[in-house]
Amino acid sequence: AAASSAHADTRTVARAGSWEAFDGTTTQGRPVCGMSTTVPDGRYVGVKLFGGNQTFTIQLGWKQWTINNGVKQDVYMTMDNNPRWRGTATGMHFGDGDAGLEFAINAKELTDFVRQFTDSNRLLLQFPGTGAQDWSISLAGTTAVSGAFASCIRNL
């Protein structure tokens with residue numbers, strides 16, 4: 001008997017600057033739509049909507065982090081001069097073993113989030129109470145990939 005191994009099956013559907021939009025399925029076979037970037041030092045930012053969820057997920061990761069699974073951490077996100085988004089992230093590990101944080105935002109707020117995301121120049125991520133350095137990520141290219149992200153969501 002052949003053993004089956006689950007794997008994510010995603011494909012890039014648009015790319016602009018360092019950002020890409022993708023669609024496909026997770027390792028559990030759930031549909032997913034997303035936008036992500038990995039900056040040269042390896043920091044990762046992903047915005048994902050999983051089929052059937054009433055929230056979308058923000059994932060942050062970096063090889064240099066040491067985070068225990070399940071640990072809770074506050075995260076602040078500010079796009080240019082827009083109001084700050086606050087999340088309570090949960091420690092996790094990506095398939096490649098890199099440590100990460102993920103938190104959810106209500107899917108009803110997706111339109112406002114994407115508007116800020118695509119109309120802004122910089123994303124500032126802060127990790128209060130940890131001593132971790134703030135992240136400043138360019139949002140150049142998000143306008144171009146957001147159309148593919150929106151199209152994927154409509155098809156979920």
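In this predicted model, residue D80 is located in the loop that joins β6 and β7. The phi angle of D80 is near 50°, a positive value in a residue other than glycine. Most residues other than glycine have a negative phi.

Apart from neighbours within four places in sequence, R84 is in contact with Y76, M77, T78 and Q126. A separation of 17 Å is found between the C-alpha atoms of R84 and F56, which are 28 residues apart along the chain.

One of the contact partners of R84 is T78, a residue of strand β6. T78 has a relative accessibility of 14% and so counts as buried, the limit for this class being under 20%. When residues up to four places away in sequence are not counted, T78 touches R84, R122, L123 and L124. Between T78 and T57, 21 residues apart in sequence, the C-alpha to C-alpha distance is 16 Å.

Aromatic side chains were examined next. Across the whole structure, a search finds nine aromatic pairs. Among them is the pair of Y44 and F94, whose ring centres are 5.5 Å apart and whose planes make an angle of 80°, an edge-to-face arrangement. Y44 belongs to strand β4 (residues 44-50), whereas F94 is in the loop between β7 (85-93) and β8 (99-106); the pair therefore ties together parts that are 50 residues apart in sequence. Both Y44 and F94 are buried.

A further pair is formed by W62 and W135. The centres of these two rings are 6.1 Å apart and the planes stand at 90°, so the pair is edge-to-face. W62 is found in the loop between β5 (55-61) and β6 (72-79), and W135 in strand β10 (residues 135-138); parts that are 73 residues apart in sequence are therefore tied together by this pair. W62 counts as buried because its relative accessibility is 16%, and W135 counts as buried because its value is 2%. Ring pairs also link W19, F56, W85, F113 and F117 into a cluster.

The packing of helices is considered last. Two packed helices are described by the angle between their axes and the distance between the axes. For helix α1 (residues 110-119) and helix α2 (residues 142-155), the axes come within 9 Å and cross at roughly 160°. The two helices α1 and α2 are therefore roughly antiparallel to each other, as angles over 145 degrees are assigned to this class. The crossing of α1 and α2 is right-handed. On the side of α1, the contact is made by L110, V114, F117 and T118, and on the side of α2 by T142, T143, S146, F149 and I153. The residues of this contact comprise five nonpolar and four polar, with no charged residue. F117, one of the α1 residues in the contact, is also a member of the aromatic cluster that includes W19 and F113.

Methods
Residues are numbered from 1 along each chain as its sequence is written. This is a predicted model: local features need pLDDT of at least 70, side-chain atom pairs count only at pLDDT 80 or more; totals for chains, interfaces and linings use all residues. Side-chain values use heavy atoms; hydrogens and water are left out. Axes are lines fitted to C-alpha atoms, for helices over the stretch in contact, and angles run from 0 to 180 degrees between N-to-C directions. Helices (H or I, at least four residues) and strands (E, at least two) are DSSP runs, numbered from the N terminus. Angles under 35 degrees count as roughly parallel, over 145 as roughly antiparallel, 65 to 115 as roughly perpendicular and the rest as oblique. A crossing is left-handed if the near helix is turned anticlockwise from the far one by less than a right angle, and right-handed if clockwise. Contact means heavy atoms within 4.5 Å. Ala, Val, Leu, Ile, Met, Phe, Trp, Tyr, Cys and Pro count as nonpolar, Asp, Glu, Lys and Arg as charged, and the others, Gly among them, as polar. Rings of Phe, Tyr and Trp (its six-membered ring) pair if their centres lie within 6.5 Å; planes under 30 degrees apart count as stacked, over 60 as edge-to-face and the rest as tilted. Buried means under 20% relative accessible area, exposed over 50%, partly exposed in between (1.4 Å probe, protein chains only).
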